[in-house]
Amino acid sequence: MNKKTYFDEKAAKWDTLIQDEVIIRLQDMVKELVLSPGCKVLDLGTGTGVLIPMLIEAVGPSGVVVGIDFAPQMLAEAQKKYQWPNLEFLEGVAEDIPMADQSVDEVVCNSAFPHFDDFSLAAQEMARVLKRGGRVFVIHPHSREYINELHVSLGGAVRNCLIPEEAAMRAIFYEAGFESITLEDVAGRYHLSARKA
Ligand SMILES: C[S@@+](CC[C@H](N)C(=O)[O-])C[C@H]1O[C@@H](n2cnc3c(N)ncnc32)[C@H](O)[C@@H]1O
């Protein structure tokens, strides 16, 4: 089974798999991003839109949130739950983001990066759609070790979806044109941030 089919088949039950404590952790993590009211944020690999209400609250009514995912059933679940005039969902792949150059202020990628087929291309695409000085955040409400062990134990389509080690992650984003790269990887939290040079 390919990854798109894997996520489409999981879509209807996806939200029941996420514990309340994880949502609370994500709310804290999104607050820490200090997104500016009025900015335009891309939620890359939005899935069923777990992050959407948090992002909408952060950017306020004058901001814009765009959720992109390659699995139509995941997007359909997100669209059923969330409709705001400043929210848009697009079907597309991280390696070929369906947005114009320099059109967003921030890119947030929660629990999706290790699923992308080509990490370098995805990072280059994030850099392309970001304005100069814009930031990217690759986050997980768990450590790298936890996520990688989970994916190996789940097997099948996600068994090889592993977060690279720190040096490799830094190199991927540096080579894609980012600077000020920070990475925190502790129990209950993985957070890479970088700024487009
Ligand atoms: C583990 S889910 C996380 C979804 C959501 N961000 C969340 O926090 O619940 C990963 C998501 O990434 C999407 N995805 C995987 N590879 C992708 C790609 N190459 N381009 C776009 N979306 C992708 C999947 O369809 C899935 O919805």
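Figure 1. The face of helix H2 that is turned away from its buried side carries three exposed residues, Asp-20, Glu-21 and Lys-31. This view, like the others below, is taken from a predicted model. The buried residues of H2 are Val-22, Leu-26, Met-29 and Val-30. Looking down the axis of H2, these buried residues fall within an arc of 95 degrees, so they line one face of the helix.

**Figure 2. The length and the end of helix H2.** Helix H2 runs over residues 20–32, which is 13 residues. At 1.5 Å a residue, H2 should span 18 Å, and its end C-alpha atoms are 19 Å apart, which agrees. After H2 comes Val-34, whose phi is positive, near 50 degrees.

**Figure 3. A stacked pair of aromatic rings, Tyr-82 and Trp-84.** How many aromatic pairs does a search of the whole structure find? The search finds 7. In the pair of Tyr-82 and Trp-84, the ring centres are 5.7 Å apart and the planes are at 15 degrees; planes under 30 degrees apart count as stacked, so this pair is stacked. Tyr-82 is buried, with a relative accessible area of 17%. Trp-84 is partly exposed, at 34% relative accessible area.

**Figure 4. A tilted pair of aromatic rings, Phe-113 and Phe-173.** The rings of Phe-113 and Phe-173 are 5.6 Å apart from centre to centre, with 40 degrees between the planes. Phe-113 lies in the loop between E4 and helix H5 (119–129), and Phe-173 lies in helix H7 (residues 166–175), so the pair ties together parts that are 60 residues apart in sequence. Both Phe-113 and Phe-173 are buried. The two also belong to one aromatic cluster, together with Phe-116, Phe-119 and Phe-178.

**Figure 5. The largest nonpolar core.** This core has 34 residues. Which residues have the most contacts inside it? They are Leu-42, Phe-113, Phe-116, Met-126, Met-169 and Phe-173. At least two residues of this core come from each of strand E1 (40–44), strand E2 (64–69), E4, H5, E5, H7, strand E6 (178–186) and E7. H5 gives the most to this core, with 6 residues. Apart from this core lies another one, of 24 residues, including Met-29, Cys-39, Val-50 and Phe-89.

**Figure 6. The surroundings of Phe-116.** Residues up to four places away in sequence are not counted here; beyond them, Phe-116 touches Lys-3, Leu-44, Ala-94, Glu-95, Cys-109, Ala-122 and Met-126. Of these, Met-126 is also listed among the residues with the most contacts inside the largest nonpolar core.

**Figure 7. His-140 in strand E5.** Is His-140 buried or exposed? At 1% relative accessibility, His-140 counts as buried. With its neighbours within four places in sequence left aside, His-140 is in contact with Met-29, Asn-110, Ser-111, Ala-112, Pro-114, Ile-147, Ile-163, Arg-189 and Tyr-190. Another, Ser-111, is in the loop between E4 and H5. Ser-111 is not a glycine, yet its phi is positive, about 55 degrees. Ser-111 is partly exposed, with a relative accessible area of 31%.

**Figure 8. Arg-132 and Gln-102.** Arg-132 lies in strand E5, and Gln-102 is found in the loop between strand E3 (87–91) and E4. The C-alpha atoms of Arg-132 and Gln-102 are separated by 7.2 Å, although the residues are 30 residues apart along the chain. Arg-132 is exposed, with a relative accessible area of 68%, whereas Gln-102, at 48% relative accessibility, counts as partly exposed. Not counting residues up to four places away in sequence, Arg-132 touches Gln-102, Lys-196 and Ala-197. Gln-102 has a positive phi near 50 degrees and is a residue other than glycine.

**Figure 9. The span of residues 42–137.** For these residues UniProt lists, in an unreviewed entry, "domain: Methyltransferase type". In the model, the end C-alpha atoms of the span lie 10 Å apart. The span is 30% helix and 30% strand.

Conventions
Residues numbered from 1 in each chain as written. Predicted model: local features only at pLDDT ≥ 70, side-chain atom pairs only at ≥ 80, totals over all residues. Heavy atoms only, no water. Helix = DSSP H or I, 4+ residues; strand = E, 2+ residues; numbered from the N terminus. Expected span 1.5 Å × (residues − 1). Buried < 20%, exposed > 50% of the residue type's maximum accessible area, 1.4 Å probe, protein only. Arc of directions from axis to C-beta. Phe/Tyr/Trp six-rings, centres within 6.5 Å; stacked < 30°, edge-to-face > 60°. UniProt positions renumbered as here; feature names shortened; annotations may be inferred. Core = buried A, V, L, I, M, F, W, Y, C linked by side-chain atoms within 4.5 Å. Contact = heavy atoms within 4.5 Å.
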